[in-house]
Amino acid sequence: MPTPSFTSTHVRHSTRKSTGKSTGKSTDRISGKISGKGRTPARHAVAPLAATAAALLLCGPLAAAPAYAADQPGGSTDAVKPPAHMSTVGGKRLGRPDTQVDPKPGAPALPKGLSGKSWLVADAESGDVLASHNAHWQLPPASTLKMLFADTLLPKMPKTKTHKVQLSDLEGMGEGSSLVGVKENYTYSVHDLWLGVFLRSGNDAVHVLAAMNGGVPATVKEMQAHAKYLNARDTRVVTPDGYDEKGQVSSAYDLTLFARSGLQKADFREYCSTATAQFPGTFEKDKKGKKTRSSFGIQNTNRLLTGLGVDPYKGIAGVKNGNTTNAGATFTGVAQRGNRVLLVTVMNPQQQEANEVYKETAKLFDWGFKASGSVNPVGTLVRPGAAGANHPSAGSENGHKHAQASVSSDDGSSGGMWTAVGITGGSLALLGAVAFGVHRRWPLPELVRRRSRD
């Protein structure tokens, strides 16, 4: 079959510039740079993936995908050490600097070589935090903040709703933003735009959805209010897309709360577990002169899902990665082995290696699956709302022992069942559903399925 064309289209409007010393440039984007304020950059074609990487993907019309800009390790060197005292939401130990773990006899040792400024491993079902490192250190979140954006806005817009993009919808994006290729005067469905947000981390798609929601300021206000509801007290929202801005911070603990809440929603689960998709392109004339709209393939920037540059992680099901100058590389992932579902967040590894955030996440997943049942929790992921904020686990040393998350399910009722969908051996594998506090099976939504390679 023909190989689809993959392109990166940069916006035709002035872009905001980051504050401070950082350029604020996002490095989890397709290759190419905005050519300057007010200028119209050219459209750049992007080379397809190597055959070995493409072999890991689904078959069908998505046989190839673009090469990505290399993940840049490091990030801002400001605030080299965490504060001596941080938030104690989820337990007092989580407010302490450095690594927190409470192994029982025979428990596996934590992986060597972990360099993330902050990380956390939690049981997604019980909410138990199995281990953490500077869990509440407020750091730039990069595009992992899009999890909060999605968790806030997804319930408000039906996926079939369409919107014709205006030039004003695309204003205010940072220079070097990651883009999916949204074009003004073209119509997109909400479904298309969310694919652009989750797969390509497209700031253009974020800004269009924010415009549909009443604008960026209104959206930022709603995101901050939702973070407060989730008891994510380390988070300060300045932009809806996670682009570097002064004062915009989150933490490994808060990012894990966002992922856990988002995964209650069927659409969120679908988008974050989709490896490849088709995105609407431009109108083109066929040989008969009839105009039809083309499409191009897009691939998820989550490398543990696609296997680009690293081995795909067995049981991975999302969630979101990010990379900017100030934030370095950030990632929150969810994976399932048997009936155990874990959430891992890693922020800004200091090891100067490409894909280090994924390598350290994989190590922590491996440790977490081995350690489950052989470590005492050092904290908990608190419930949303006042009940979670006032629960003894929000500030006590041992209150997490009886903590149980109670978050909304797709219809807003309690129970909060959600599905993990992962890659096994390089192909999508449909895994069982898991409930917070309720073990029972739930049929999976229709996701991208592996087609026969015969």
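Contact, in what follows, means that heavy atoms lie within 4.5 Å. The structure is a predicted model, in which local features need pLDDT of at least 70 and side-chain atom pairs count only at pLDDT 80 or more, while totals for chains, interfaces and linings use all residues. Residues are numbered from 1 along each chain as its sequence is written, and side-chain values use heavy atoms, with hydrogens and water left out.

Consider H3 (residues 190-200) and H4 (residues 203-212), two helices in the sense of DSSP runs of H or I with at least four residues, numbered from the N terminus. In H3, Val 190, Leu 193, Trp 194, Gly 196 and Val 197 meet Ala 205, Val 206, Val 208, Leu 209 and Met 212 of H4. These contact residues divide into nine nonpolar, one polar and no charged, where Ala, Val, Leu, Ile, Met, Phe, Trp, Tyr, Cys and Pro count as nonpolar, Asp, Glu, Lys and Arg as charged, and the others, Gly among them, as polar.

The largest nonpolar core has 68 residues, of which Val 182, Trp 194, Phe 198, Leu 209, Tyr 253, Phe 258 and Phe 268 touch the most other members. Such a core is a set of buried Ala, Val, Leu, Ile, Met, Phe, Trp, Tyr and Cys residues joined through side-chain atoms within 4.5 Å, and buried means under 20% relative accessible area (1.4 Å probe, protein chains only). H3 gives the most to this core, with seven residues. A second, separate core of 26 residues includes Leu 305, Leu 342, Phe 365 and Ala 371.

Leaving aside neighbours within four places in sequence, Phe 268 is in contact with residues including Met 147, Asp 151, Phe 198 and Val 319.

How values were computed: Axes are lines fitted to C-alpha atoms, for helices over the stretch in contact, and angles run from 0 to 180 degrees between N-to-C directions. Buried means under 20% relative accessible area, exposed over 50%, partly exposed in between (1.4 Å probe, protein chains only).
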